[in-house]
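Please keep the sequence and the coordinates open while reading the numbered points.

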Amino acid sequence: MRAAALESRAVGRLRRQVRAPLITGALIIGLSLVLAALPGWFAPYDPLAFDYAALLQPPSLAHPFGTDNFGRDILSRVIWGYRLDMQIAFFGTVFPILFGCLIGALVGYYGGWPDVVFGRVVDAVITFPFLVLVIAIVAVLGPGLINMYIAVGVVGWVFYARLLRAEIRIQKQQDYASAGKVMGYGDARIILRHLLPNAITPVLVFWMTDMALVILLGSSLGYLGLGAQPPAAEWGVLIADGKNFMSTAWWISIFPGLAIVLTGLGFSLIGDGIADLLRPQR
Amino acid sequence: MTAARDPVPLALEIRGLTTSFATAEGVVRAVDGIDLELRTGEVLGLVGESGSGKSVALRSLVRLVRAPGRIEGQALWLGRDLIAMPEADLLEVRGKEIAMIFQEPMTALNPVLTVRQQIDENLKAHTGLGRAERARRAIELLDLVGIPSAAERLNDYPHQFSGGMRQRVMIAIALASEPRLLLADEPTTALDVTIQDQILKLLLELRDRLGMSVILVTHDLGVVAQTCDRVAVMYAGRIMEVGPVVELFRNPRHAYTWGLLGSIPGAGAVRQPLRSIEGTPPSLADLPPGCAFAPRCAFVTDACRQGRPALVAVGPDHRSACVHHDRVARSDPAA
């Protein structure tokens, strides 16, 4: 009995250790989502309103994050930025993950010539640096968020498909997959109910990381003028706004930068937490 | 031949079953034209060394062979050919009429689904039971395979069971649809001896209670002796000898069986040196002409290399593919 109690205490401690990053990440992202949902409640000022009486103000009680060269409140702009950048994190990953998982599961399960074609497509996409490819596509389609989603979707699915394909191939070799077949289950049931739950973990972990990456990408494109367009309060646009004032008004760029870092950290922590939580039980 | 006198109807009739794989070294026949029949309610043992094709043969029966594997021949299950039937019909037979259990209970259960979900899924797929009936049946099944406090363990995941219990769970899942044929692929190899004994007894008990036929693949002659009614000895993808267990163990009529039996440590009073079979099994890509066992055989003569020996009747219900089955019969395996 005592040994069992000790063991369960040890397991409890392990659980808590495992969950700490997950909880931290969930708090950060939860808060971000609240800000994204209701920026008007939290932002003290209109993010687009000019105030010529308060140009380039350093952080103060009235403007905790300072103001920019048009007197816009940086805190308000960062908070409104949550709305845009969380949208980017979601729409920038949801199409790649759906399409990528569909393709990955199918080629992983059935193999054959589609798998060979898929391999070549992956090679082709991976040969290009991701950012360059996305910029090239956005340059063709024209700047803007919708076109950015399209560009990311065209390129990004490959990474999800590759991950899931590999995992499905491993899982389908397992006896339980054969057992499912012998029990007369059809392919769709075996893929969706048996293989996918066992194969999806790395995809979920990558998804979290990818949301952080897509926010960075969105900000990069925003910075370059290819993503969200000024005067929209998007963090990359905000950083770009402040680049000419870095030596005199650092707060314009630093605070949106911190928001990016914090949100990226939140997603990464959740990713780590999920990975630990879903690791196959021993 | 002998089957004609047989009063028990055949459940499964295997004719010329061949499973081949195209490899870089040429076509490899993992199962090489085996003929075998399984009677209703019988436990048939399929024994052989690793790589003798016994598992592939078993999996071929339900066409569970991955590309580039090719299955040929016939396997008549209640008159229908499992090898030739369309995939859609096979889905009906699999699980419903024929179930299979595997060697590694760790990997043969889906780690992310509870036992209840896995039993329920099979019940849902193959019986018309309603939700409440399925829940009741799931408990019955766990009870049947001897899992203590079945109702409480239903919501456990596979990793929460011990090895032997996991094997019982797997059997419970396989039996959910009340199959008429159970294919058991080394079901006790991963278990320790006492658990092995329990599982084998369980299989026999279930066979009696549910009237199933069983094909039991194993490399363990002890398991065969304890469990099977008849046994087929496989070597290099071929059936070497087939007969009733007692008869075959007492009077082996194939040099390979003779060698196998001689290599088992006996528990008898007189201690004798173990006689092992020299050499290793041949590469399937490069089989010797004639009898596949000839290069390792103690009885070998030129006649053995002249062509593949056919299975011939050597006794009641006993067939051997040995050229020298008479000489083998006169030799004491323990000598």
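1. How many helices and how many strands make up the secondary structure of chain A? In this predicted model, chain A comes to eleven helices and zero strands, and reading along its sequence accordingly gives the pattern α-α-α-α-α-α-α-α-α-α-α. Taken along the principal axes, the C-alpha atoms of chain A fill a box of roughly 75 × 60 × 30 Å. Of the 282 residues in chain A, 46% are buried, and among contacts between residues at least 6 apart in the sequence of this chain, 69% join residues at least 24 apart.

2. One helix pair to look at in chain A is formed by H9 (residues 201-224) and H11 (residues 251-278), whose axes come within 8 Å and cross at roughly 175 degrees. Because angles over 145 degrees count as roughly antiparallel, H9(A) is described as roughly antiparallel to H11(A). On the H9(A) side the contact includes A:Leu204, A:Val205, A:Met208 and A:Ile215, while H11(A) contributes, among others, A:Phe267, A:Ile270, A:Gly271 and A:Ile274. By class, the residues of this contact divide into 13 nonpolar, seven polar and no charged.

3. The crossing in which H5(A) passes H6(A) is right-handed. From H5(A), the residues A:Phe130, A:Leu133, A:Val134, A:Ile137, A:Val138 and A:Leu141 take part, and they meet residues of H6(A) that include A:Asn147, A:Met148, A:Ile150 and A:Val155. The contact of H5(A) with H6(A) has twelve nonpolar residues, one polar residue and no charged residues.

4. Turning to chain B, a reader will find an open sheet of four strands in the order E2-E1-E4-E5, with antiparallel pairing. Strand E2 (26-39) and strand E5 (80-81) of chain B each have a single partner strand and stand at the edges, so one side of each is left without a neighbour in the sheet.

5. E1(B) and E2(B) form a hairpin, with two residues between them. B:Ser20 has B:Arg29 as its bridge partner in E2(B), and B:Ser20 also stands opposite B:Arg70 in E4(B). For B:Leu12, the bridge partner in E4(B) is B:Trp77.

6. The sheet of chain B also has a helix to consider: H1 (residues 54-61) of chain B lies across E1, E2 and E4 of that chain, and runs at about 70 degrees to E2(B).

7. Where the two chains meet, 16 residues of chain A are in contact with 22 residues of chain B. On the side of chain A that touches chain B, the elements giving two or more residues are helix H7 (175-182) and helix H8 (187-199) of chain A, and the largest share, six residues, comes from H7(A). The residues on this side of chain A divide into seven nonpolar, seven polar and two charged.

Notes:
Residues are numbered from 1 along each chain as its sequence is written. Chains are lettered from A and ligands numbered from 1 in the order in which they are written. This is a predicted model: local features need pLDDT of at least 70, side-chain atom pairs count only at pLDDT 80 or more; totals for chains, interfaces and linings use all residues. Two residues are in contact if their C-beta atoms, placed from the backbone, lie within 7 Å. Ala, Val, Leu, Ile, Met, Phe, Trp, Tyr, Cys and Pro count as nonpolar, Asp, Glu, Lys and Arg as charged, and the others, Gly among them, as polar. Two strands pair if DSSP finds at least two bridges between them. Axes are lines fitted to C-alpha atoms, for helices over the stretch in contact, and angles run from 0 to 180 degrees between N-to-C directions. Angles under 35 degrees count as roughly parallel, over 145 as roughly antiparallel, 65 to 115 as roughly perpendicular and the rest as oblique. A crossing is left-handed if the near helix is turned anticlockwise from the far one by less than a right angle, and right-handed if clockwise. A residue is buried if 20 or more other C-beta atoms lie within 10 Å of its own, exposed if 12 or fewer, and partly exposed in between; C-beta atoms are placed from the backbone.
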